[in-house]
Every structure is written in C-alpha cells, then in structure tokens.
Amino acid sequence: MVQIVSWNINGLRAILGKGFIDNINKLQPDILCLQEIKATPDKIPEFELSGYQRFYNSAKRPGYAGTATFSKIRPLHVETSLEIDTLTNPTEGRVILAEYDSFYVLNVYTPNSGTELARLKFREEVWDVKFRELLCALSAKKPVLTCGDFNVAHEEIDLANPAQNHFSAGFTDQERRGFDSILASGFTDSFRFKHPGEAKQYSWWSYRANARARNVGWRIDYILLSTKIKNKLISANIYQDVLGSDHAPVSAVVDI
C-alpha cells in the first residue's frame with residue numbers, strides 16, 4: 001500500500017518557516033510530490049526530513065516554477081529531463097518521473113494560461129497534447145499515478161463561482177477539454193472517484209478577499225491513476241486545514 005501526497009507549496013524556502021516539516025511528519029506520505037518550489041539548485045535550502053530520497057527539477061529562471069519528489073520507497077529510476085520539459089524555453093522544471101517496481105509516479109506542474117490567456121494556445125495545442133501522449137506511453141508499460149497542480153478546474157463543482165469564470169485561466173473550455181482527453185485516455189480522478197458529487201472541496205484559494213477563510217476556491221490539484229487500477233484506490237483526500245501555501249495538499253492511498 002502506497003500513500004502519495006501532492007502539494008503546490010508556492011516556494012520551498014518560504015514554506016519551511018510555515019510548519020512544512022511538521023505537516024509532512026503528520027501526513028507521513030510514502031511519496032511526496034511538490035510543485036512550485038521556486039528554487040534553482042544553488043538556492044535549495046538544507047532541512048531535516050528523515051527517510052526520504054529527494055529529487056529536484058528546478059526552473060532555469062530564479063524564483064519560478066520547479067518540482068520536487070521525495071520518496072521513502074527507493075525508485076528504480078528517476079528522470080528529471082523529460083522531453084516534455086523542453087517545450088518551454090528556458091525550461092521550467094515542470095515534471096519529474098519516478099519509476100517503481102509496479103508503477104510510475106509522474107509529478108507535474110502544468111503551465112498556467114495566464115491572466116490574459118497568453119499561454120492558452122500553448123496549453124491547448126502543445127502541452128496538453130504532449131502530456132497526454134507521455135501518459136499513454138507510460139501506461140502501456142505499467143500503471144501510472146500522475147499528480148500535481150494541473151491548473152484547471154475540471155467541472156463546475158470544482159470551483160466556487162463557475163458562472164463568472166468560463167473565460168478565466170483554469171476554467172476555459174479548451175483547458176477543460178484537455179483534462180477530459182487525459183481521463184478519456186485511461187485515467188481516473190482519484191478524489192472524484194471516492195467523493196462523487198461532493199461540493200466545496202477546493203485545493204487552491206486566492207490570497208485576495210479572504211478567499212480561503214470563506215472557502216471561495218478552486219480544485220486544481222489532482223492525483224490521477226490509471227483506470228485499470230482504480231479499484232485499488234483506498235482513499236483520496238484534500239487537506240484543507242493544512243496551511244503554509246495558497247494550495248492545500250492532496251493525497252491518495254493505493255493498494256499497489
């Protein structure tokens with residue numbers, strides 16, 4: 001049985017002063033996938049978190065994007081220079097692939113389309129297509145769990161104000177269709193599988209207008225798993241009470 005936790009931490013150095021280590025010690029994931037570490041290799045801080053091998057994929061741009069995967073289970077192989085990362089120039093450290101005996105874990109920080117939707121065309125025609133192709137290629141070999149900040153609320157139930165956001169980054173028809181295509185390719189949204197129809201379950205809140213306290217949020221952080229193993233999913237949760245970032249950590253426990 002494996003517990004995966006995924007969390008957009010909005011800066012590794014910043015969150016270390018906000019109870020990060022205590023929170024991870026309470027959650028006790030076997031595999032921890034972090035997004036938006038915002039630290040180039042020379043700026044990654046030293047800190048105590050026992051039992052984990054740590055793998056980083058930093059953006060070339062300082063203080064921006066980047067991912068990290070911490071694992072108590074020794075992976076067979078970890079890849080931090082996947083071809084999909086070259087879609088952005090300079091590279092933004094958006095994916096880490098860890099291969100284990102019976103499954104893959106793909107940690108992803110999907111590009112945001114931006115407030116003016118400047119990156120929407122890239123999201124729709126390039127990133128989402130290549131990401132789906134990568135998932136399909138991996139799942140042909142062994143089951144895949146892919147987790148991270150996908151920067152899209154899939155359905156109207158996944159954000160507090162859907163009517164006002166159909167042309168906003170993260171809820172455009174194009175982004176939602178891209179997510180649909182991933183699911184149609186043989187993947188299951190772990191949280192929705194375990195919590196169908198459950199409303200007000202969000203993983204990200206704006207820092208503006210006291211949004212988190214009012215729970216005016218979006219569910220944009222996911223753990224997806226190959227549909228062929230969905231019946232091995234034991235639980236899936238969002239830890240809305242875990243603070244330190246504008247995102248909440250999400251988890252899945254899989255009997256694999």
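The following is a conversation about how the terms used for this predicted model apply to its parts.

Visitor: What kind of model is this, and how are residues numbered?
Guide: This is a predicted model: local features need pLDDT of at least 70, side-chain atom pairs count only at pLDDT 80 or more, and totals for chains, interfaces and linings use all residues. Residues are numbered from 1 along each chain as its sequence is written, and side-chain values use heavy atoms, with hydrogens and water left out.

Visitor: Why is S1 called largely enclosed?
Guide: Buried means under 20% relative accessible area, exposed over 50%, and partly exposed in between, with a 1.4 Å probe and protein chains only. Seven of the seven residues of S1 are buried, so the rest of the structure largely encloses this strand. Strands are DSSP runs of E, at least two residues, and helices are runs of H or I, at least four; both are numbered from the N terminus.

Visitor: Which way do the S1 side chains point?
Guide: In a regular strand the side chains alternate between the two faces of the sheet. Val 2, Ile 4, Ser 6 and Asn 8 point one way from S1. Gln 3, Val 5 and Trp 7 point the other way, and all are buried.

Visitor: How do you know that S1 pairs with S14 and S2?
Guide: Two strands pair if DSSP finds at least two bridges between them. Five bridges join S1 (residues 2-8) to S14 (residues 250-254), antiparallel. Five also join S1 to S2, parallel. Val 5 has Ser 251 as its bridge partner in S14 and stands opposite Leu 32 in S2.

Visitor: What makes S3 and S13 edge strands?
Guide: Six strands form an open sheet in the order S3-S4-S2-S1-S14-S13, with mixed pairing. S3 (53-57) and S13 (233-238) each pair on one side only, and they are the edge strands.

Visitor: What makes S6 and S7 a hairpin?
Guide: Four residues join the two strands. S6 and S7 (residues 104-109) pair antiparallel over five bridges. Leu 97 stands opposite Leu 106 in S7 and is also the bridge partner of Glu 79. Four of the five residues of S6 (95-99) are buried.

Visitor: What makes a set of residues a nonpolar core?
Guide: Its members are buried Ala, Val, Leu, Ile, Met, Phe, Trp, Tyr and Cys residues, joined through side-chain atoms within 4.5 Å. The largest core has 23 residues; Ile 4, Ile 31, Phe 103, Val 105 and Leu 145 have the most contacts inside it. The largest share, three residues, comes from S14. Apart from it lies another core, of 21 residues, among them Leu 82, Leu 135, Phe 150 and Phe 179.
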